[in-house]
Every structure is written in structure tokens, then in C-alpha cells.
Amino acid sequence: MIKQSYDVIVAGGGPSGIAAAVAAARMGAKTLLVERYGFLGGAGTAMMVNPWMSYWASGGANVQLIFGVLQELIDRMTAMGMYGHPKQRTAFDPEALKVAAEQLCQEAGVTLLYHSFLGEARMDESGARIEAIRFANKAGLVDFQASMYVDATGDADLAALAGAIVEKGRAVDSLSQPMTLNFRMAGVDMDRLQTRQEITALYKEAKKRGEIDCPREDVLWFYANQPGVIHFNTTRVIRKDATDPWDLTAAEIEGRRQVQQLVRFLKAEVPGFEEAYLQTTAPQIGVRESRRVVGEYMLTADELLASCRFEDVIARGAYPVDIHNPDGEGTILKHLPPGEWYDIPFRTLVPKKIQNLLIGGRPISATHEAHSAIRVQPIAMAIGQAAGTAAALCAKGGVLPRELDVRQVQKALTDQGAVLGLTAETPSAAGE
């Protein structure tokens with residue numbers, strides 16, 4: 001039974017879902033944001049992916065690319081004293097992100113619903129239009145309907161349930177980038193902390209001795225906001241499908257096993273970690289890649305690396321092509337020329353076959369290689385803000401995404417503080 005109707009329903013409260021819901025509500029759309037956890041933030045909180053990757057032009061150029069909701073969250077966390085570190089400019093406290101995101105949503109008039117898991121998309125007779133979506137929660141199975149839907153699940157769950165065309169992983173074998181369970185060590189003697197290169201050298205020796213069997217070639221760590229705390233993005237779980245619940249279960253178990261190995265190694269072999277302890281692991285394993293939706297346009301890595309520009313630009317980014325080997329060791333990194341960036345066109349948010357659905361965040365229409373660049377949180381947030389803005393315009397104007405004049409979206413995004421191209425008035429900020 002249909003319980004409530006909305007103009008826009010956003011499925012998923014991660015970075016893209018937050019931005020989509022805030023944007024839609026501010027555009028005057030009655031907006032519902034549904035999240036499976038009891039908090040917002042997704043990759044930044046549930047997966048504990050930290051810090052945010054660069055939102056500046058390539059090579060540390062003095063040009064900030066992404067503003068809008070991202071900047072509002074930064075400003076709020078900064079005011080709370082929970083954003084940035086002298087040596088890690090974009091580090092943030094996940095607890096601060098939960099609060100700042102929730103405040104933005106509530107102030108914008110977004111209706112929030114937590115602890116609700118997406119389970120079904122009910123389609124009309126044509127199979128091209130979503131009539132309602134079903135969630136499972138403490139009340140049982142609950143249906144909601146809307147004029148427009150935004151898939152901000154990160155895994156294109158709603159798009160797949162609706163029958164959209166989706167792809168997974170790389171072309172040769174459909175394997176996706178590996179998953180990572182993030183963890184933090186507290187009580188670290190920061191005066192004796194070694195460099196990534198020095199810790200990696202010790203890590204490789206431990207692997208040779210058979211003490212560690214993590215299929216990653218190096219140790220990646222970052223400063224956290226808390227004194228004496230180091231954040232690790234180092235575990236690597238390969239050959240698992242994040243959209244398969246059995247694989248996802250196995251990945252969580254394997255991630256924790258690798259964390260325990262790494263904790264033992266750090267305490268025994270790395271100066272400064274002798275008295276350190278495991279502070280926390282992320283509530284869920286971090287997913288780099290799963291489904292990708294095939295849309296009206298498919299973005300390629302060659303376009304990104306050539307600093308592509310599009311007339312229907314709705315977001316920008318400069319994060320490099322960054323492919324963690326789906327099958328073991330090795331990471332491919334391909335950077336843009338210094339000072340450059342790429343555009344993301346609106347057409348990549350519009351899925352084939354489904355009429356009243358837009359894609360927010362990393363599952364937009366892109367190849368495996370291009371996805372590796374646009375998957376990071378600041379870019380996902382910019383894409384989500386565009387999806388929410390467009391969804392509200394469609395719902396309020398009674399048009400479908402394919403009929404929408406993208407210039408309306410661009411103007412609305414600009415009015416919300418987004419910057420879609422360099423002008424004399426473009427704000428800038430110091431790069432990393």
C-alpha cells in the first residue's frame with residue numbers, strides 16, 4: 001500500500017544523496033531521503049573513507065572546482081573544529097559529517113527516513129517508469145511514490161531493480177576494483193612516525209616472511225583529526241562483487257582478518273606503534289566499484305585525461321584515473337596535465353530505458369577506467385547536487401529528464417554556489 005507521495009525521492013544518504021536531497025528541497029520539491037543506516041554520510045561515515053580527495057584543479061593549481069553543498073559541509077565542520085589537519089588539509093571527523101549533513105537536510109526541509117533498506121522498484125505497464133519503491137524497515141514493507149527518483153545508493157541498486165541497463169567491473173572479466181576495510185590506530189607516538197615509504201619497506205619484508213598476505217603492494221595511511229590517531233586505507237579484498245550479499249559478507253570477514261594482521265605488524269615492526277591500539281574499523285567495508293548505469297552518454301578515461309569540456313556540464317573534477325588492480329597487487333595512476341580539469345555531462349546521469357530516474361554519484365554512465373576517477377566523494381557530491389536539482393525541475397515542471405533544458409539545471413546549480421566554468425568571478429582556493 002502506498003503510504004506517502006513526494007515530488008522527489010532520493011535513495012541513499014551518502015555524499016551524493018545528501019547533496020541531491022538538499023538541492024531538490026531547496027528547489028521547492030517535497031523531498032524524501034531514505035537511508036539504510038541510522039546516519040548520513042555513506043562513504044565518509046559508514047565506510048570511513050578519509051580524507052576527501054582533492055577538489056582542486058590537477059597538480060595543486062590554485063583553482064577550486066567543487067563548491068555548493070560540499071563547501072557548506074566543509075564550512076560547518078570547520079566551525080566545529082573538526083575539519084582539516086596541519087598535514088592533511090581535507091581530513092574530517094566522521095562524527096562531524098553526520099551532524100553537518102543532517103543539519104543541512106533538516107534546514108532545507110528534507111524528510112529523513114533512516115533504518116530502511118531498498119528492496120523493490122514497482123514499474124508501470126511499459127516497464128519504463130517507476131511507480132513506487134519499496135523499503136523494508138521496522139514497520140515491515142513500506143511503499144513510497146514520487147514523480148522523480150534519484151539513485152544515490154552508490155551501487156545503482158534502484159536503477160538495477162527498475163530494469164536499467166547496468167555494467168560491472170572491467171570489460172575483460174567484469175571484475176570490479178577491490179574493496180577496502182578502513183581502520184584507525186590510536187595511541188601512536190607521532191614524533192616517531194615514519195613515512196609511507198619507510199612503513200611500506202617494512203611491510204614488504206613482513207610479506208616476504210609470510211606474516212602478511214594482504215594483496216596490496218604498499219601501506220597507505222593518512223593523518224586523522226584526533227591527536228595520536230592514524231587512518232589506514234590499506235586492506236585489499238579482491239574478486240568480490242559488492243552487489244552479491246554472499247560476496248559482501250565474505251569481504252567483510254576477510255577485511256577484518258587483514259586488519260588484525262596489519263595491527264600485529266604495526267605494533268611489532270613499526271616505530272611509534274608499540275603502544276598503539278586498534279581504535280576502530282569502519283561500520284562497513286569500503287566499495288570502490290560495483291554497478292555502473294548505461295546512460296545517454298558514456299564517459300571515457302581518454303576524455304577525462306584530455307580535459308574534456310561539454311556544453312551540458314553539470315559538475316567538474318580533476319581526480320586522476322586511479323585503478324586498484326581487481327585481481328591482486330598494483331595500482332594504475334594517470335594524472336591530468338597541471339591546472340586542468342574535466343567536465344561531467346548531464347547525459348551521463350540519465351539512464352537508458354527508465355524515464356523518471358536520475359543517477360547521483362559514482363554509478364553514472366562511465367567506463368570502468370573513467371569511473372575510477374569520478375568515484376571519489378567530492379565529485380560524487382557535485383554529481384548528486386546536479387541530480388537533485390534536475391529531479392526537482394522535472395517534478396515541478398512536469399517534464400522528464402530527456403526533455404529538460406539543461407541550461408535550467410546549470411543556472412540553478414550556479415545559483416546554489418556551484419561553479420561550472422572559469423570566469424573572472426570564479427572563486428579559488430589553495431591546492432593541496
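Helix α2 (68-79), strand β15 (313-317) and helix α9 (377-397) each contribute at least two residues to the lining of the largest cavity. The model is predicted: local features require pLDDT of at least 70 and side-chain atom pairs pLDDT 80 or more, while totals for chains, interfaces and linings use all residues. Residues are numbered from 1 along each chain as its sequence is written, and side-chain values use heavy atoms, with hydrogens and water left out. Helices (H or I, at least four residues) and strands (E, at least two) are DSSP runs numbered from the N terminus.

**Largest cavity**

- The largest cavity holds about 110 Å³ of space, a volume being the space filled by probe spheres set on grid points joined across faces, edges and corners.
- Its lining comprises 15 residues, with Ile66, Phe67, Ile314, Ala382 and Ala418 nearest the centre; lining residues have an atom within 4 Å of a point.
- Twelve nonpolar, two polar and one charged residues make up this lining, where Ala, Val, Leu, Ile, Met, Phe, Trp, Tyr, Cys and Pro count as nonpolar, Asp, Glu, Lys and Arg as charged, and the others, Gly among them, as polar.

**Second largest pocket**

- The second largest pocket has a volume of about 200 Å³; a pocket is an open set with protein on both sides within 12 Å along at least five of seven lines.
- Of the 14 residues that line the second largest pocket, Met48, Asp93, Pro94, Glu95 and Thr280 lie nearest its centre.
- Both α3 (94-108) and β13 supply at least two residues of this lining, which has five nonpolar, five polar and four charged residues.

- Helix α6 (residues 245-269) has 25 residues and spans 36 Å from first to last C-alpha, close to the 36 Å expected at 1.5 Å times one less than its number of residues.
- At the start of α6, a side-chain oxygen of Asp244 comes within 2.8 Å of the backbone nitrogen of Trp246.
- Buried residues of α6 include Ala251, Gly255 and Phe265, and their cover includes β10 (183-186), α5 (196-208), β12 (230-232) and β13 (277-281).
- Glu252, in helix α6, counts as buried because its relative accessibility is 14%, the limit being under 20% relative accessible area with a 1.4 Å probe and protein chains only.
- Not counting residues up to four places away in sequence, Glu252 touches Leu181, Gln284 and Ile285 (contact means heavy atoms within 4.5 Å).
- Glu252 and Ile285 are 33 residues apart in sequence, and their C-alpha atoms are 5.9 Å apart in space.

Note on methods
On a 1 Å grid over the protein atoms alone, a cavity is a set of points where a 1.4 Å probe fits but cannot get out, and a pocket is an open set with protein on both sides within 12 Å along at least five of seven lines; lining residues have an atom within 4 Å of a point. Buried means under 20% relative accessible area, exposed over 50%, partly exposed in between (1.4 Å probe, protein chains only). A polar contact is a pair of N or O atoms within 3.5 Å; within protein, one must be able to donate a hydrogen and the other to accept it, and residues adjacent in sequence count only if both atoms are side-chain atoms.
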